[in-house]
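Try each task on your own before you read its solution.

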Amino acid sequence: MTNHELESLRQEILRVFPRTEPPRFEDITSDMYGDSPGVRVSFEAVRWWSANNKIIDENYNSLPLLTPTAFHYYLPAFLLRSLERFEPGNRTLAFTIYSLSPTKISRKDPWYSARLALFSPEQASVIRQFLQLILADETMWDFYEPAERGLRKFWNKENFEGL
């Protein structure tokens, strides 16, 4: 993967995701069990474009806990952090890929469909580009299966046509 390709995708992420106010504290996770309270505290009042690397890296596995609104809002921060350390050992990258391609969930699952419904066709295109970068890099072979599943099952262009 070239630095130019990574920077190009980074700029596209910054362009297509709006800089709006973050979700309210109570809208970050859907419950207050397990790790959810800590996730709420970590992301309270954090704007996605200014989220520091420490917050993202400490919450690398928290994407499944986010409400659809918070997932849509904070995913760009996770994508940007993944691009900064675009290497197989990056846990943030790994869990970002997994969050884009859950294994035992159907495309019509209400929980995941609610997440997908918030993404514009342009934003979905950026996510496809991210997953395609994974497939284009031979060092990322461990992630080929989830990236292919994400492209085929959830982020394909047909799922976002007519939105």
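Please keep in mind that this is a predicted model.

**Exercise 1. The largest pocket**

Task: Find out how much space lies in the largest pocket, and which helices supply its lining.

Solution. 
- Step 1. Start with the volume: the largest pocket holds about 160 Å³ of space.
- Step 2. Pick out the lining residues. They are Arg-10, Leu-14, Trp-48, Trp-49, Ser-50, Ala-51, Asn-53, Ile-56, Ala-77, Leu-80, Arg-81 and Glu-84.
- Step 3. At least two lining residues come from each of helix H1 (3–16), helix H3 (53–58) and helix H4 (68–84). With four residues, H4 gives the largest share of the lining.
- Step 4. Sort the lining by class: seven residues are nonpolar, two are polar and three are charged.

**Exercise 2. Salt bridges within a helix**

Task: Of the 11 salt bridges in the structure, take Glu-7 with Arg-10 and Lys-54 with Glu-58. Work out how each pair is spaced along its helix.

Solution. 
- Step 1. Check the distances. The side chains of Glu-7 and Arg-10 come to 3.7 Å, N to O, and the closest N and O atoms of Lys-54 and Glu-58 are 3.8 Å apart. A salt bridge calls for these atoms to be within 4 Å, so both pairs qualify.
- Step 2. Look at the spacing. Glu-7 and Arg-10 are three residues apart in helix H1, so about one helical turn separates them. Lys-54 and Glu-58 are four residues apart in helix H3, which again means a separation of about one helical turn.
- Step 3. Glu-7 is partly exposed at 36% relative accessible area, and Arg-10 is partly exposed at 32%. Lys-54 counts as exposed at 57%, while Glu-58 is partly exposed at 48%.
- Step 4. Link back to the pocket: Arg-10 is also one of the residues that line the largest pocket.

**Exercise 3. A salt bridge between helices**

Task: Which parts of the chain does the pair Glu-122 and Arg-15 tie together?

Solution. 
- Step 1. Confirm the bridge: the side chains of Glu-122 and Arg-15 meet at 2.8 Å, N to O.
- Step 2. Locate the partners. Glu-122 lies in helix H7 (residues 121–136) and Arg-15 in helix H1, so the bridge ties together parts that are 107 residues apart in sequence.
- Step 3. Judge the surroundings. Glu-122 is partly exposed, with a relative accessible area of 40%, and Arg-15 is partly exposed at 49%.
- Step 4. Widen the view: Glu-12 joins Arg-15 and Glu-122 in a network of salt bridges.

**Exercise 4. A histidine in helix H4**

Task: Is His-72 buried or exposed, and which residues does His-72 contact beyond its sequence neighbours?

Solution. 
- Step 1. Find His-72 in helix H4.
- Step 2. Compare its accessibility with the cut-off. Buried means under 20%, and His-72 has 16%, so His-72 counts as buried.
- Step 3. List the contacts. Leaving aside neighbours within four places in sequence, His-72 is in contact with Phe-17, Leu-118, Phe-119 and Gln-123.
- Step 4. Look closely at two of these partners. The backbone oxygen of Leu-118 lies 3.1 Å from a polar atom of the His-72 side chain. Gln-123 is 51 residues from His-72 in sequence, with 9.7 Å between their C-alpha atoms.

**Exercise 5. Helix H5 and its cover**

Task: Which residues of helix H5 (residues 91–99) are buried, and what covers them?

Solution. 
- Step 1. Begin at the N-terminal end, which Asn-90 caps: one of its side-chain oxygens lies 2.9 Å from the backbone nitrogen of Thr-92.
- Step 2. Name the buried residues: Thr-92, Leu-93, Ala-94, Thr-96, Ile-97 and Ser-99.
- Step 3. Identify the cover, which includes H3, H4, helix H6 (110–116), H7 and helix H8 (144–154).

**Exercise 6. Two single residues**

Solution. 
- Step 1. Not counting residues up to four places away in sequence, Arg-149 touches Ser-101, Pro-102, Thr-103 and Phe-154.
- Step 2. Check the backbone: Ala-45 has a positive phi of about 65°, although it is not a glycine.

How values were computed. Residues numbered from 1 in each chain as written. Predicted model: local features only at pLDDT ≥ 70, side-chain atom pairs only at ≥ 80, totals over all residues. Heavy atoms only, no water. 1 Å grid on protein atoms, 1.4 Å probe; cavity = no way out; pocket = protein on both sides within 12 Å on 5 of 7 lines; lining within 4 Å. Points joined across faces, edges and corners; volume = space filled by probe spheres on them. Nonpolar A, V, L, I, M, F, W, Y, C, P; charged D, E, K, R; others polar. Buried < 20%, exposed > 50% of the residue type's maximum accessible area, 1.4 Å probe, protein only. Contact = heavy atoms within 4.5 Å. Polar contact = N/O pair within 3.5 Å; in protein donor to acceptor, adjacent residues only side chain to side chain.
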